[in-house]
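My notes follow the structure.

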Amino acid sequence: CWTVQDAEALHEELEGFSDWEPVCGAPCGTACSVAWNERQQGLAALVERYRNSPVMHESVPAECKPIIVVGGRPAQFPPPTQKIKAPKILRC
C-alpha cells in the first residue's frame with residue numbers, strides 16, 4: 001500500500017526529470033512536471049477516468065497509456081465500457 005510519504009518521495013524524484021529515452025528517434029528534453037490530482041483519488045476513480053479515454057485507443061503506443069501496478073508488476077487495465085474514440089492529436 002502506498003503512503004502519502006511514498007507519493008511525496010516519488011514527486012520529489014520525478015519533478016524536473018528530463019533524461020528521457022528518445023522516442024521515434026528524437027530526444028524529448030521536456031522536464032517532467034508533477035501535480036497532485038485533486039479531482040480523482042483512488043484506483044476506482046482513476047480507472048473510470050481513463051478506461052474510456054482516447055489515450056486508451058489502439059493507435060496510442062502502450063508506453064503512453066496509464067497502467068495499474070499490483071505487487072510491483074503491471075496488471076491488466078479493466079476493459080472499456082464504450083467504444084474508444086481515436087485521439088485528436090497524436091504526437092510522436
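Which element gives the largest share of the lining of the largest pocket? I looked this up before the rest. H1 does, with seven residues.

**Ground rules.** I am working on a predicted model, where local features need pLDDT of at least 70, side-chain atom pairs count only at pLDDT 80 or more, and totals for chains, interfaces and linings use all residues. Residues are numbered from 1 along each chain as its sequence is written, and side-chain values use heavy atoms, with hydrogens and water left out.

**Confidence.** I checked pLDDT, the predictor's confidence in each residue, from 0 to 100. The protein chain has a mean of 84, and 88% of its residues reach 70 or more.

**Layout.** I found two helices and two strands in the protein chain. These are DSSP runs numbered from the N terminus: helices are H or I with at least four residues, strands E with at least two. From the N terminus on, the order is α-α-β-β. I also noted that 12% of the 92 residues count as buried (under 20% relative accessible area; exposed is over 50%, partly exposed in between; 1.4 Å probe, protein chains only).

**Pocket.** I took a pocket as an open set of points on a 1 Å grid over the protein atoms alone, where a 1.4 Å probe fits, with protein on both sides within 12 Å along at least five of seven lines; lining residues have an atom within 4 Å of a point. The largest pocket has a volume of about 1200 Å³, the space filled by probe spheres set on the points. It is lined by 26 residues, and Trp2, Leu10, Gly42, Leu46 and Ile67 are the closest to its centre. H1, H2 and E1 each supply at least two lining residues.

**Trp36.** I located Trp36 in the loop between helix H1 (4–14) and H2. Buried or exposed? Trp36 counts as exposed, because its relative accessibility is 52%. Beyond neighbours within four places in sequence, Trp36 is in contact (heavy atoms within 4.5 Å) with Ala7 and Gln41. Trp36 and Ala7 lie 29 residues apart in sequence and 9.2 Å apart C-alpha to C-alpha.

**Cysteines.** How many disulfides are there? I count zero, taking a disulfide as a pair of cysteine sulfur atoms within 2.5 Å. Cys32 is buried at 18% relative accessibility. Cys64 is partly exposed at 47%.
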